[in-house]
Amino acid sequence: MNHTDTSAAALTAIKPTAPIVREMVLAALREAGEDGLTADECAVFIDTDRLNVRPRTTELRSQGKIADSGLRRLNDSGKRAIVWRIN
């Protein structure tokens, strides 16, 4: 994948904290239980920017740790968002 200089810098900046945020997302989803959380709801729950959470949900889904519940709720921008649950 070709990265722009800005995206490469962002990747370098987030790399040390990504595992921590992934664990925080998993903990939030465990606590949410069957209700699950959207990425935006999870960001509020763990008190971080939603732009830190959204890539982590993609990674966690790829790892098979979380799954799309099939439910949708409106996110902060008014669009339907996936409700994630622990797999």
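## Packing of helix 3 against helix 4

Helix 3 and helix 4 pack with their axes 8 Å apart and at an angle of about 120°, where axes are lines fitted to C-alpha atoms, for helices over the stretch in contact, and angles run from 0 to 180 degrees between N-to-C directions. That angle makes helix 3 oblique to helix 4, given that angles under 35 degrees count as roughly parallel, over 145 as roughly antiparallel, 65 to 115 as roughly perpendicular and the rest as oblique. The crossing of helix 3 past helix 4 is right-handed; a crossing is called right-handed if the near helix is turned clockwise from the far one by less than a right angle, and left-handed if anticlockwise. Helices (H or I, at least four residues) and strands (E, at least two) are DSSP runs, numbered from the N terminus.

Helix 3 contributes Ala39, Asp40, Cys42, Ala43 and Ile46 to the contact, and helix 4 contributes Arg50, Val53, Arg54 and Thr57, with contact meaning heavy atoms within 4.5 Å. These residues divide into five nonpolar, one polar and three charged, on a scheme in which Ala, Val, Leu, Ile, Met, Phe, Trp, Tyr, Cys and Pro count as nonpolar, Asp, Glu, Lys and Arg as charged, and the others, Gly among them, as polar.

## Basis of the model

This is a predicted model, in which local features need pLDDT of at least 70 and side-chain atom pairs count only at pLDDT 80 or more, whereas totals for chains, interfaces and linings use all residues. Residues are numbered from 1 along each chain as its sequence is written, and side-chain values use heavy atoms, with hydrogens and water left out.

## Overall layout

The protein has four helices and two strands, which follow the pattern α-α-α-α-β-β when read along the sequence. Of the 87 residues in the protein, 29% are buried, where buried means under 20% relative accessible area, exposed over 50%, and partly exposed in between (1.4 Å probe, protein chains only). Among the contacts with a separation of 6 or more, 45% are accounted for by residues 24 or more positions apart.

## Packing of helix 2 against helix 3

Helix 2 and helix 3 pack at an angle of about 100°, with their axes 10 Å apart, and are therefore roughly perpendicular to each other. On the side of helix 2 the contact is made by Val21, Met24, Val25, Ala28 and Glu31, and on the side of helix 3 by Cys42, Phe45 and Ile46. The residues of this contact divide into seven nonpolar, no polar and one charged.

## Salt bridges

Side chains of opposite charge can pair when their charged atoms come close. The structure holds eight salt bridges, each defined as a side-chain nitrogen of Lys or Arg within 4 Å of a carboxyl oxygen of Asp or Glu. One of them joins the side chains of glutamate 59 and arginine 22, at 2.6 Å from N to O. This pair links distant parts of the chain, with glutamate 59 in helix 4 (residues 50–62) and arginine 22 in helix 2 (residues 18–32), 37 residues apart. Glutamate 59 is partly exposed, with a relative accessible area of 25%, whereas arginine 22 is buried, with a relative accessible area of 19%.

Aspartate 40 forms a salt bridge with arginine 54, the closest N and O atoms being 2.8 Å apart. Aspartate 40 lies in helix 3 (residues 39–46) and arginine 54 in helix 4, so the pair ties together parts that are 14 residues apart in sequence. Aspartate 40 counts as buried at 5% relative accessibility, and arginine 54 as partly exposed at 32%. A further salt bridge joins arginine 50 to aspartate 76, with the closest N and O atoms 3.4 Å apart. Arginine 50 is in helix 4 and aspartate 76 in the loop between strand 1 (66–74) and strand 2 (80–86), 26 residues apart. Arginine 50 is partly exposed, with a relative accessible area of 32%, while aspartate 76 is exposed, with a relative accessible area of 57%. Asp40, Arg50, Arg54 and Asp76 are linked in a network of salt bridges.

## Surroundings of tryptophan 84 and threonine 38

Tryptophan 84 has its place in strand 2 and is buried, with a relative accessible area of 6%. Not counting residues up to four places away in sequence, tryptophan 84 touches several residues, including Leu29, Leu37, Thr38, Thr57, Arg61 and Ile66. The C-alpha atoms of tryptophan 84 and threonine 57 are separated by 8.1 Å, although the two residues are 27 residues apart along the chain.

Threonine 38 lies in the loop between helix 2 and helix 3 and is buried, with a relative accessible area of 1%. Leaving aside its neighbours within four places in sequence, threonine 38 is in contact with Arg73, Ala81, Ile82, Val83 and Trp84.
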